[in-house]
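This report looks at helix packing and at the surroundings of the ligand. Please have the sequence and the coordinates open while reading.

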Amino acid sequence: MTSSVLQKPLEETSPISAEALSCPHQYNERLRAQGSVYKCPQSGIYFVTDFETVRKIARDHETFSNKFGQAMRPMNASQVDEEIAAIQAEGYPPVDTMLTEDPPVHRRYRGLVNQAFTARRVATLEGNIERICNDLIDKMLARGECDFVLEFAEPLPLTVIAEQLGVSLDDYELFKTWSDAFVAQLSGMASREEALEAARMIVQFQQYFAERLAERKENPQDDIISDIVHAQLEDELPLDTPEMLSILQQLLVAGNETTTSAIAEGVLLMIQHPDQFAKLKANPDLVENLVEEVLRLSTPTANMWRVVTKDTEIDDTPIPAGSMVMLRFSSANRDNVTYPDPHTFDVERENAGTQIAFGYGVHMCVGASLARKEMNVAFRCLLNRIESFELACDEDELNYPPNVLLRGLSSLPLRIH
Ligand code: HEM
């Protein structure tokens with residue numbers, strides 16, 4: 001499949017088809033070669049692929065809006081059927097908050113949520129992240145083999161954020177199920193059955209967290225959910241329950257799968273490049289740059305939507321109001337103008353820190369410092385405790401499930417020593 005899609009003329013395949021998503025880097029290279037913006041004749045969507053233009057558009061939130069909230073809900077309005085509406089009626093109304101709002105409304109949400117993701121909060125989590133990493137490594141080493149995604153890269157961010165959102169250990173499975181349901185819904189590939197299931201999951205999630213929010217209002221703890229409940233800005237209303245639920249949902253969707261994918265890809269890159277692994281073993285101070293280089297190459301939020309608010313143009317291509325634009329962060333991060341030899345994994349790459357895996361502009365990831373901390377501690381612990389890893393499957397068996405926005409390995413079977 002991979003080679004055939006690359007041989008066809010561009011206009012025969014949509015860039016968001018499963019075929020194109022199966023070889024994103026080569027496909028994006030073709031898109032970049034034909035200019036900074038590509039209009040797909042099949043869908044009418046405009047794809048933006050080079051580093052400078054992606055940054056330019058991400059900065060211009062007045063022309064390129066984030067109000068694509070409908071895409072995050074189970075189905076669009078015209079398709080909502082009675083069954084879904086009846087399920088939704090049992091929960092709280094959906095509200096567009098951070099990711100799916102624009103300034104000035106966005107500013108209030110970011111101002112309030114930033115209070116929960118301070119440098120102090122992230123610093124206090126370091127010891128806990130290290131403890132979780134070492135526990136997970138103990139279990140993997142005891143068996144000598146593992147599915148690294150399932151046994152390390154997934155439970156690490158999930159445990160960190162679950163603890164911070166007041167989820168008890170007994171409810172972890174439930175928490176993971178909600179996270180998966182939201183991601184399935186976002187994938188753009190959900191069937192109607194999956195959409196119905198996602199609606200049920202969202203209501204269950206809302207009811208569970210409405211209780212946690214009420215608990216923390218009465219009895220604040222030293223955690224992120226308490227910071228969100230009690231966040232205040234001068235002259236601004238505090239967050240109400242539907243707004244907080246929307247924000248918690250975004251933390252789950254935006255925070256788990258992405259960090260999992262980045263950590264798993266980092267380990268795969270180290271296995272594929274023993275010379276780089278040896279450099280890291282010899283000099284752990286390189287880990288900070290390793291994190292940036294892994295973010296650049298993995299870019300787990302590969303793509304993101306924008307909606308055009310007024311007639312405009314990008315590099316002489318006219319774009320009418322109402323058009324959908326896709327920012328291809330993963331393509332920008334492999335633009336050879338900005339990153340010489342862009343597909344090479346180089347832990348000493350000088351400008352790795354300029355990568356835009358966390359986006360750019362007002363929507364730049366609110367959890368970036370938490371994700372960086374998790375990756376940093378995870379790679380340090382792994383490098384410190386693991387002598388060597390090797391793949392326990394053929395490289396061509398590794399699978400990246402097709403997803404319009406997110407990209408990451410579904411599993412990573414390893415032998416570890
Ligand atoms: C490696 C891990 C991560 C990656 C690659 C990533 C990537 C991104 C990107 C690209 C955006 C910008 C979207 C846009 O421009 O429209 C974003 C926004 C966001 N991220 Fe992350 N993220 C990561 C981890 C996290 C974590 C750990 C959390 C929270 C626990 C989080 C929460 C959010 C939220 C709430 C937004 C929306 C911010 C806004 O619109 O103002 N992310 N993330």
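## Crossing of two helices

A crossing of helices is called left-handed if the near helix is turned anticlockwise from the far one by less than a right angle, and right-handed if the turn is clockwise. In this predicted model, the crossing of α11 and α13 is right-handed. The axes of helix α11, which spans residues 192-218, and of α13 come within 10 Å and cross at roughly 115 degrees. Because angles of 65 to 115 degrees count as roughly perpendicular, α11 and α13 are described as roughly perpendicular to each other.

On the α11 side, Phe205, Gln206, Phe209, Ala210 and Leu213 take part in the contact, and they meet Thr241, Met244, Leu245, Leu248 and Gln249 of α13. Sorted by class, this contact of α11 with α13 comprises seven nonpolar residues and three polar ones, with no charged residues.

## Surroundings of the ligand

The most is given by α13, with seven residues.

Of the 26 residues around the ligand, those that come nearest are Ala254, Gly255, Gly359, Cys365 and Gly367. By class, the shell around the ligand holds 16 nonpolar residues, nine polar residues and one charged residue.

## An enclosed helix

Helix α9 covers residues 155-164, and nine of its 10 residues are buried, so α9 is largely enclosed by the rest of the structure. The buried residues of α9 include Pro155, Leu156, Pro157 and Leu158, as well as Gln164. Following α9 comes glycine 166, whose phi is positive, near 75 degrees.

Note on methods
Residues numbered from 1 in each chain as written. Predicted model: local features only at pLDDT ≥ 70, side-chain atom pairs only at ≥ 80, totals over all residues. Buried ≥ 20, exposed ≤ 12 C-beta atoms within 10 Å, placed from the backbone. Helix = DSSP H or I, 4+ residues; strand = E, 2+ residues; numbered from the N terminus. Near = placed C-beta within 6 Å. Nonpolar A, V, L, I, M, F, W, Y, C, P; charged D, E, K, R; others polar. Axes fitted to C-alpha atoms, helices over the stretch in contact; angles between N-to-C directions. Parallel < 35°, antiparallel > 145°, perpendicular 65-115°, else oblique. Contact = placed C-beta atoms within 7 Å.
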